[in-house]
Structures are given as C-alpha cells and as structure tokens.
Amino acid sequence: MGMKKQRKEINMITDHPGRSLLLFALPMILGNLFQQFYNIIDSVVVGRFVGEEALASVGASFSITNVFIAIAVGGGIGSSVVVSQFLGAKQTGNMKTAISTTLINFLTIGVILGGLGLAFNDRILFLMNTPSNVFEQAAVYLSIYFIGLPFLFMYNVQAAVFQSLGDSKTPLYLLLFSSVLNIVLDLVFVTQFHKGVSGVAVATLIAQGLSAVLSFSVLIRRLKSYETTELFHIYDWKMTAHMMRVAIPSTLQQSIVHIGMLLVQSVVNGFGSAVMAGFAAGTRIESICIVPMLALGNAMSTYTAQNMGAKKTDRIKKGYGICCMMAAVFAVIICIIMEGFGEIFIRSFLNESSASEAFATGISYVHFISFFYIFIGLKAITDGLLRGAGDVVVFTAANLVNLAIRVSGAALFAPVIGVQAVWFAVPIGWTANYIISLIRYLTGKWERIHLIS
C-alpha cells in the first residue's frame, strides 16, 4: 500500500529522469516562491505604508532571519536524504523512525534557538552595526520573529519530509494558504491597526504557526499509509547520529549564502539607511530569482538519494545533465525579466519619498546580478547530487570557499570602491563553489558512498 501511494505521486526510481525531476521541482519552485512572497510582503507593506526607515529595519532583520530559515531548511533536507534512501531501499520502518526522530530534533532546536535569539536580540543588531535610527524597530521585529521560530522550524522540516517521500505538492498547498493569510494580516495590522513593523512580524508569526500545525496533521495521516513489518521507534539516538552526518553539512551548505548576507549586511549598514533600504529591496528580489535554482538543487538531492537507495547511479548521471539544462533555461528567462523590469520591481518596495540613493542602489544590484544566476543554479544542482549521495565533505568545503570570497570581498573592497564591492564578490563565490563541487562529481567517488545498509 505504501509504495502504491508513492507511485501516485512521482516515482523517481522508474519514471523518466527529466519528467520526474521537472514535475517534482515545479511545485517546489511555486512553493518556495510563495514562501519568499509572504516574507517579501513584510518589506513591501512597511516600505509603502510606513516608510524608508521601517523598510531598512526589516531589511536589517532579514539577513538574520534568513540564517535561521537556512538552518531549518538545510537540516530538514539533510535528514530527508536518509529518509529518501530508506524509501528507495523499501525500508519503511527505518524511514518512519528517521522522520519521527527528525521532527523531535528540530522542534527542540527551534525552541533553543528561539530562546537564545530573544536573549541576545539587541546584541546581534549591535554587532551588525545597525544604525540607531532603525535599531529599535529592527529589535521589535526580531523579538517577535524569535517567538515563532519553533513553528518556522517545524514547517520547513515537515516540507522537506514530504519532498523526501516524492510529494512536493502538499507543501505548495500549505504555503498557498499561509501566503494569502499572511498578506491579509499584514494589510490589516499595518493599514487598519497601524502597528507598523510589529504588525507585519505578528502576521508572519500567525501564518507560520497555522501552517506548521496543519502540516503536522497531514504528515501523520500520510505516514499511516505506509505499511511496514519492521520495528518503528518514536526516537532513536543512533538514527540521530546517522542523520547528522548529512544534516550538519547540509545545514551549513544552505546557510552559507545567508551567513554571507548576514556578515555582508554589517558592511552595507555602514553606508547609511538609504543604501540599506536599496540593498534590502535588491536582495529581496534576488531571493525570488534564485528560487528555481535552489529548488532544482533540492529536487536533485531527493532524486539522487532515492536512486542511491535503489542502486541506480546511471539514472543519477542522466538526471544531473537534464537538471543542468533546466537551470540554464531558467537563468536566461530570469536575466531577461530582470534587465527589462528590474527597476519596476525595486520601485515596488520604496515609496516616492525614499532617497534617490536607495533607488540607485537597488536598481544597480538587480541589473548586475541578473547575468550570473546560472552559476548558483549549477552550484545548487551539483551540491544537491553530492548531498543526496551522502558525499558531504567536499561540497561543504566548496560552500565555505564561497562564504570566504563573499565576506572578504565586501570587507576589503567596499571601503575602496564603495558598496558595489558587496555584489561583485557574489558571482565569484558562486562560480568557485561550483567548480570545486563539479571536480568532485567528475571523480565519481560519490558513487561509492554507502549511507544506509
């Protein structure tokens, strides 16, 4: 019965590689777009209805909140590699144990990190060189965000579990619900109750909380459809240690971009609130543009893991080539859109009273970076393959190189050539990351990794 359920979704072990990857990735792309969308709505609402300083305060918080999102997403994806390999090997008892153990682990982590965030909220903003005129509003936004961190962790980990089971549609439906609710609550709290930055933070908290609860109830019903004669444990310490081999590097890999943005944000903050607002708008648009690339990488991870469990490495190689071609197509489309309409997108984040420097900063960023999205696509897909195979050491090192290039480039050259140094380092980091991971893929050593027995 369990495998019949899997067949109704997408069978990554027997379906055509291109078809299975595309059909699996598309709902992930739409879902991730909506997740970014309801995060971005915070910026649009405060930028248009409150003002430039409010947008700068949310932008300063955004680089911090993204690190926690990356921890949740990366941990979920890393743990789901083990889930996918157990599913591919038809070990459904171990699969259920892995899922239950993952949920307990990340609920605990979410509670701990939320508490630490509340305790060190002001200290974090101070260390990031947050300007005094936006400090108080940024602190309010972050404190409410940290209260909802357990919900954020549970939703994102559960979404990764659904995807590991070959179901990328359920997370999409839940995000559609959450996005619409978040938009409505944003507008009500800001335009009707005049709550400003705190209003959009509370709206996001409510939307994420309801999504996490609904997701959990659907997942429990889904797991009951998988019959097994193997032992199932609610929690298994050995399974935790087993999954951490992939989950920790995957968390680091997912976090690299956002940790880099966090460190780079402190450089941007030194240029004042106008540049901060423009950069916040530009990075929000970037976060949308890279969604298809990251979704393809995550699809490649699940595809690789299931086929590794079924011992079909030739299918993995074929799927990898097809996935890279998909990334190239997306990159061209995104570049054309950004070059043609990037200025319109930037202006949607800022009101007419915003400084010209804010507009110039945002427009300059989106026009420059749009030519280089192919590199983050190739990087994400190659990293996804290595992660799905359980070959984590080299791609983790590659992502650390990426981080080092971004941070050092911003810190060393921004004082010399201006804030533009912050984005010049981005494609260099992506490309270096891709080349290192590609070399590892070409060695074929990933084929000999045995993550499960």
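Reader: Let's start with Asn66: which helix is it in, and is it buried or exposed?

Author: Asn66 sits in helix 3, residues 52-88. Helices here are DSSP runs of H or I with at least four residues, strands are E runs of at least two, and both are numbered from the N terminus. This is a predicted model, where local features need pLDDT of at least 70, side-chain atom pairs count only at pLDDT 80 or more, and totals for chains, interfaces and linings use all residues. Residues are numbered from 1 along each chain as its sequence is written, and side-chain values use heavy atoms, with hydrogens and water left out. As for burial, the term means under 20% relative accessible area, with exposed over 50% and partly exposed in between (1.4 Å probe, protein chains only). Asn66 has 3% relative accessibility, so it counts as buried.

Reader: What does Gly75 touch, leaving out residues up to four places away in sequence?

Author: Contact means heavy atoms within 4.5 Å. Gly75 is also in helix 3, and it touches Ala70, Phe106, Ala247 and Thr251 once residues up to four places away are set aside. Gly75 counts as buried because its relative accessibility is 0%.

Reader: And Thr92, where is that?

Author: Thr92 belongs to helix 4, residues 92-119. It is buried, at a relative accessible area of 9%. Skipping neighbours within four places in sequence, Thr92 is in contact with Tyr226, Glu227, Thr228 and Glu230.

Reader: Now helix pairs. At what angle do the axes of helix 6 and helix 9 cross?

Author: The general idea is that two packed helices are described by the angle between their axes and the distance between the axes. Axes are lines fitted to C-alpha atoms, for helices over the stretch in contact, and angles run from 0 to 180 degrees between N-to-C directions. For helix 6 (residues 132-147) and helix 9 (residues 196-224), the axes come within 9 Å and cross at roughly 15 degrees. The pair is therefore roughly parallel; the cut-offs are under 35 degrees for roughly parallel, over 145 for roughly antiparallel, 65 to 115 for roughly perpendicular, and oblique for the rest.

Reader: Which residues make that contact?

Author: Helix 6 brings Gln137, Val140, Tyr141, Ile144 and Ile147, while helix 9 brings Val197, Ser198, Val200, Ala201, Val202 and Leu205. Sorted by class, that gives nine nonpolar, two polar and no charged residues. Here Ala, Val, Leu, Ile, Met, Phe, Trp, Tyr, Cys and Pro are nonpolar, Asp, Glu, Lys and Arg are charged, and the others, Gly among them, are polar.

Reader: How do helix 15 and helix 16 cross?

Author: Helix 15 (residues 373-389) and helix 16 (residues 393-417) have axes that come within 10 Å and cross at roughly 150 degrees. That makes them roughly antiparallel. Lys379, Asp383, Leu386 and Arg387 of helix 15 meet Phe395, Asn399 and Asn402 of helix 16. The class count for this contact is two nonpolar, two polar and three charged residues.

Reader: How many disulfides are there?

Author: A disulfide is a covalent bond between the sulfur atoms of two cysteines. The cut-off is a pair of cysteine sulfur atoms within 2.5 Å, and this structure holds zero. For Cys289, the nearest cysteine sulfur is that of Cys335, 9.8 Å away.
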